[in-house]
Amino acid sequence: MIITTIKELRDYLDTHRQAGKTIGLVPTMGFLHEGHLSLIRRAKAGNDIVVVSDFVNPTQFAPNEDFESYPRNIERDERLATGAGAHAIFYPSAEEMYPHGSSTFVEVTGDITRVLCGASRPTHFKGVTTVVAMLFNIVQPQKAYFGQKDAQQAAVLMKMVTDLHMDIDLVVCPIVREKDGLAMSSRNTYLSAAERAQAPILNRALREGKAAFEKGENSVEELIQLITGKINEAPLADIDYVSIYAFPSLETIETVEEKALAAVAVRFGKTRLIDNIILEK
Ligand code: AMP
């Protein structure tokens, strides 16, 4: 069932809440793939009612980014989400979410939003935290589901929930990959055949980094060099960053002692892909 207005969604959820049902939320930008569906299945297993939001959020895109061209297909999304266990698909317009006069934002400040993707996308996470806070207020779920694919997003949202004392459990789910290791992403559809063939280098390089770590290499500099060298073997790869930070604080480290995140962003033509792996003893 597709619901397009906040009022209708609230009425629908109020009925279920009054009947004592628990609500799980899966925020997405649509053009669903197996990664999204794994979150929906997980939400279905842990809640009575599953709401999937399907909203390409304009405030998390910079003017030079792909807001206009971002792939959209609500009919297909409804079919896939329902098949995976969603009860309601919230599909609002930009005007519904940001009516005339809307001027309030939620922003997690500090290095956590400045490092990694925050460096090349300085306004991105402010848009993400604002829209997710709105969705939390509208849906009031007990649990919300996010992918490890966007590890920095998960870390920033955990900080928001902690800092604002939001009574919501964030469940972070593993990265779902294509057979050749490429992390599933709605943006993979932008890749040319040649770019698609080279894109699995992100996962291969991260796995080599993890293997070196497991053999005893714990210098962040050395591990970054190893991962960078591997990615540069793909002629079409143009590295935005290769970084390692403590996770989920995203604090700077020189050696990996506790749980850490090795993360990469790489451009193939005009498509920017991200991937990551957790390093942990
Ligand atoms: P998006 O529609 O790209 O904003 O993603 C919506 C949610 O799905 C986010 O929490 C993502 O981290 C998650 N997600 C996207 N791709 C994957 C993937 N390959 N595996 C697991 N989760 C994913």
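1. On the domain 1 side, Leu-116, Cys-117 and Lys-149 supply 30% of the area buried against domain 2, more than any other three residues.

2. Before going on, please keep in mind that this is a predicted model, where local features need pLDDT of at least 70 and side-chain atom pairs count only at pLDDT 80 or more, while totals for chains, interfaces and linings use all residues. Residues are numbered from 1 along each chain as its sequence is written, and side-chain values use heavy atoms, with hydrogens and water left out.

3. Now the two partners. Domain 1 covers 2-173 and domain 2 covers 186-275, with bounds that come from an automatic or database domain assignment. Their C-alpha centres lie 26 Å apart. The contact (heavy atoms within 4.5 Å) takes 22 residues from domain 1 and 16 residues from domain 2.

4. Which element gives the most to the side of domain 1 that touches domain 2? That is α7, with four residues. Both α5 (117-120) and α7 (151-163) supply at least two residues to this side; helices (H or I, at least four residues) and strands (E, at least two) are DSSP runs, numbered from the N terminus.

5. A few backbone details deserve a look. Most residues other than glycine have a negative phi, and most peptide bonds are trans. The peptide bond from Phe-247 to Pro-248, however, is cis, with omega near 10 degrees. Pro-248 lies in the loop between β7 (237-246) and β8 (260-268).

6. Leu-250 is also found in the loop between β7 and β8, and has a positive phi of about 60 degrees. His-165, in the loop between α7 and β6 (169-173), has a positive phi too, near 55 degrees. Are these two residues buried or exposed? Leu-250 is buried, at 2% relative accessible area, whereas His-165 is exposed, at 71%. The cut-offs are under 20% for buried and over 50% for exposed, with partly exposed in between (1.4 Å probe, protein chains only).

Definitions and conventions: Buried area = accessible area lost by both parts, 1.4 Å probe.
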